[in-house]
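Here is a note for a colleague who is opening this structure now. Keep the viewer at hand and go point by point.

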Amino acid sequence: MAEFYKVPITVIKQQPYELGGEAARMLMNKINNPKSVNTRMLVPCSLVERSSCAAPKA
């Protein structure tokens, strides 16, 4: 929705379905193997620069 603001704001783009899928897999692994070690997962994201970070117009 950020692109609909009067001045489009810069945002971090994430993949919510990928995040949810990984979270579900990690939860099921923990349920099935309670003594397993905790893991950390890094999911890539990207910066979407819009007008809120643009240089001022001359």
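**Notes on the model**

1. **Arginine 25.** Start with arginine 25, which counts as exposed because its relative accessibility is 52%. The cut-offs for these words are as follows: buried is under 20% relative accessible area, exposed is over 50%, and partly exposed lies in between (1.4 Å probe, protein chains only).

2. **Ground rules.** The model is predicted: local features need pLDDT of at least 70, side-chain atom pairs count only at pLDDT 80 or more, and totals for chains, interfaces and linings use all residues. Residues are numbered from 1 along each chain as its sequence is written, and side-chain values use heavy atoms, with hydrogens and water left out.

3. **Confidence.** The mean pLDDT of the protein (the predictor's confidence in each residue, from 0 to 100) is 85. A score of at least 70 is reached by 83% of the residues. Where pLDDT is low, the predicted coordinates should not be read in detail.

4. **Layout.** The protein has one helix and two strands. Their order from the N terminus is β-α-β. Helices (H or I, at least four residues) and strands (E, at least two) are DSSP runs, numbered from the N terminus. Strand E1 covers 11-13, helix H1 covers residues 16-32, and strand E2 covers 46-48.

5. **Surface and burial.** The protein has 58 residues, and 5% of them count as buried. Its accessible surface is about 5,500 Å². Carbon and sulfur atoms hold 61% of that surface. The areas come from the Shrake-Rupley method with a 1.4 Å probe; for residues, only the protein chains shown count as cover.

6. **Contacts along the chain.** Take the contacts between residues at least 6 apart in sequence: 74% of them join residues at least 24 apart. Contact here means heavy atoms within 4.5 Å.

7. **The salt bridge.** How many salt bridges does a search of the whole structure find? The search finds one. Glutamate 22 pairs with arginine 25, and their closest N and O atoms are 2.9 Å apart. A salt bridge is a side-chain nitrogen of Lys or Arg within 4 Å of a carboxyl oxygen of Asp or Glu. The two residues are three apart in helix H1, so about one helical turn separates them.

8. **Buried or exposed?** Which of these describes glutamate 22? Glutamate 22 counts as buried because its relative accessibility is 19%.

9. **Threonine 10.** This residue sits in the segment before E1. A polar atom of its side chain lies 3.1 Å from the backbone nitrogen of arginine 50. Leaving out residues up to four places away in sequence, threonine 10 touches Leu47, Val48, Glu49, Arg50, Ser52 and Cys53.

10. **Valine 11.** Valine 11 belongs to strand E1. It is partly exposed, with a relative accessible area of 23%. Valine 11 and arginine 50 are 39 residues apart in sequence, yet 7.9 Å apart in space, C-alpha to C-alpha.

11. **Lysine 6.** Lysine 6 is placed in the segment before strand E1. It is exposed, at a relative accessible area of 85%. Its C-alpha atom is 9.6 Å from that of serine 51, 45 residues apart along the chain.

12. **Alanine 23.** Back in helix H1, look at alanine 23. Alanine 23 counts as partly exposed at 43% relative accessibility. The C-alpha atoms of alanine 23 and methionine 41 are separated by 9.0 Å, and the two residues are 18 apart along the chain.

13. **A nonpolar patch.** Leu27, Met28 and Ile31 form a nonpolar patch on the surface. Together they have about 310 Å² of accessible area. Patches are made of residues with over 30% relative accessible area and no salt bridge: like charges are joined within 9 Å, nonpolar side chains (Val, Leu, Ile, Met, Phe, Trp, Tyr) within 5 Å. Methionine 28 lies in helix H1 and counts as partly exposed at 45% relative accessibility.

14. **Serine 36.** The loop between H1 and strand E2 holds serine 36. Its side chain reaches the backbone oxygen of asparagine 33 at 2.8 Å. Serine 36 also touches Asn29 and Lys30, not counting residues up to four places away in sequence.

Conventions
A polar contact is a pair of N or O atoms within 3.5 Å; within protein, one must be able to donate a hydrogen and the other to accept it, and residues adjacent in sequence count only if both atoms are side-chain atoms.
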